[in-house]
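Me: Please examine one part of this model closely, namely the shell around the ligand. I would then like a connected account of how the rest of the chain is arranged.

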Amino acid sequence: MNYRFSGNSGLQLPLVSLGLWHNFGSVDSYDNARDMLLYAFDKGVTHFDIANNYGPEPGSAELTFGRVLRENLYAHRDELIISSKAGYGMWDGPYGDGGSRKYLIASCNQSLRRTGLEYFDIFYSHRYDPQTPIQETMQALVDIVRSGKALYAGISNYPADKQQECYDYLAAHDVPCVIGQYKANMVARQTLDENLPVARKNGSGFICFSPLAQGRLTDRYLNGIPAGSRATKGVFLKPENISPEVIQMTKKLNDLAAQRGQTLAEMAVAWLLAHEGVTSVIVGASSVQQLEKNLRGADNIVFSDEELKTISKLVHGFEM
Ligand SMILES: NC(=O)c1ccc[n+]([C@@H]2O[C@H](COP(=O)([O-])OP(=O)(O)OC[C@H]3O[C@@H](n4cnc5c(N)ncnc54)[C@H](OP(=O)(O)O)[C@@H]3O)[C@@H](O)[C@H]2O)c1
């Protein structure tokens, strides 16, 4: 595994990181979750991305991670970069959602208890909350770092103009924003156009989530919707998102990947890593076999102009 510095910081992240949004909850197989985490670490994936609400049930991905850490990885704590976040709805009432100081600090404390960690390496404001002044949210991040509950601060899903305000506030308070986390893949390119340049200008890192469009930029759905796939769960990805047009487009991308000697999943990861300023790509996986393929995405990240043009043409007009 190769590593890249996150913006101008001294923090290096693996080209491919592993996210715990799906498949690490209390409803999922613990053994499978543990095997994926240990496989990833063995392959040099030092960064694991969590959030307070990952599960289901919310909070249970942090419990799963905490158990694996306790039982298998604790001796390696200092070799790991573990992130968590608060921003989306987590508990009832006005203090369990958004960007208030109350929510971020209470949630960070809860996340530390669930994982059993003394500190997170990165703690994120998970989203921009228009009802809370940015200064309040950012000061909460500054204080989380200053109190030793996290080493670095990050932001996620902020519109570009608000992103700049975050960078300015955090830099002025000597806790520079180490990284921004945004949805980005071969089809969903908006954040690469809007947020990545702001991150680069400010010397901040950029990490992409849903690089495989939740499985659609792989061979997962080329021959229908397999039992147990994310689309069958119908929450964040629905069967209607796998339209015949999407399958046709994916088949063409799959052919291009084959010409490059890659699987489509590998090409999707590689395409993101080919962007200047992208620090890392957070993949999801439901098995070690998937993860194995996704990690290979870091192996060939060079694209010809012709290949890039073909990809752009194939995905034009699609949303993911
Ligand atoms: N900051 C945020 O707001 C935010 C939002 C979303 C995600 N994230 C982060 O980003 C991480 C990744 O997001 P994501 O899970 O949407 O990423 P993704 O990599 O786009 O999708 C992962 C899913 O695709 C399928 N898949 C993965 N590898 C495959 C392969 N090689 N072949 C076939 N199918 C494959 C699996 O679904 P099946 O279940 O069908 O096997 C897997 O669960 C999350 O865990 C989280 O850490 C952050």
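Reply: The shell around the ligand comprises 10 nonpolar, 16 polar and 4 charged residues, where Ala, Val, Leu, Ile, Met, Phe, Trp, Tyr, Cys and Pro count as nonpolar, Asp, Glu, Lys and Arg as charged, and the others, Gly among them, as polar. This is a predicted model, in which local features need pLDDT of at least 70 and side-chain atom pairs count only at pLDDT 80 or more, while totals for chains, interfaces and linings use all residues. Residues are numbered from 1 along each chain as its sequence is written.

There are 30 residues around the ligand, and Gly19, Trp21, Phe209, Gly215 and Gly284 come nearest; a residue is near if its C-beta atom, placed from the backbone, lies within 6 Å of the molecule. Strand S10 (280-283) and helix H11 (288-295) each contribute at least two residues to this shell, and H11 gives the most, with 3 residues. Helices (H or I, at least four residues) and strands (E, at least two) are DSSP runs, numbered from the N terminus.

Phe209 also belongs to strand S9 (residues 205-209), which pairs with strand S8 in the parallel sense over 5 bridges; two strands pair if DSSP finds at least two bridges between them. Within this pairing, isoleucine 179 stands opposite glycine 205 in S9. Isoleucine 179 of S8 is also the bridge partner of glycine 154, and 4 bridges join S8 to the parallel strand S7 (residues 150-156). From S7 the chain passes through helix H5 (residues 160-172) to S8 in a right-handed β-α-β crossover, that is, one whose path from the first strand over the helix to the second runs clockwise with the strands pointing away from the viewer. Because 6 of the 7 residues of S8 (residues 177-183) are buried, S8 is largely enclosed by the rest of the structure. A residue is buried if 20 or more other C-beta atoms lie within 10 Å of its own, exposed if 12 or fewer, and partly exposed in between, with C-beta atoms placed from the backbone.

Strand S5 (residues 81-86) is likewise largely enclosed, since 6 of its 6 residues are buried. Ile81, Ser83 and Lys85 lie on one side of S5 and Ile82, Ser84 and Ala86 on the other, and both faces are covered. S5 pairs in the parallel sense with strand S4 (residues 47-49) over 3 bridges, with isoleucine 81 as the partner of histidine 47. The crossover from S5 to S6 runs through H3 and is right-handed.

Helix H3 (residues 101-115) contains arginine 114, which counts as partly exposed because it has 19 C-beta neighbours inside 10 Å. Leaving aside residues up to four places away in sequence, arginine 114 touches Gly59, Glu62, Leu63 and Gly66; contact requires C-beta atoms, placed from the backbone, within 7 Å. Its C-alpha atom is separated by 8.7 Å from that of phenylalanine 65, 49 residues apart along the chain.

Across the protein chain there are 12 helices and 10 strands, and buried residues make up 48% of the 320 residues. Of the contacts between residues at least 6 apart in sequence, 76% join residues at least 24 apart. The C-alpha atoms fill a box of roughly 50 × 40 × 35 Å along the principal axes.

Note on methods:
Contact = placed C-beta atoms within 7 Å.
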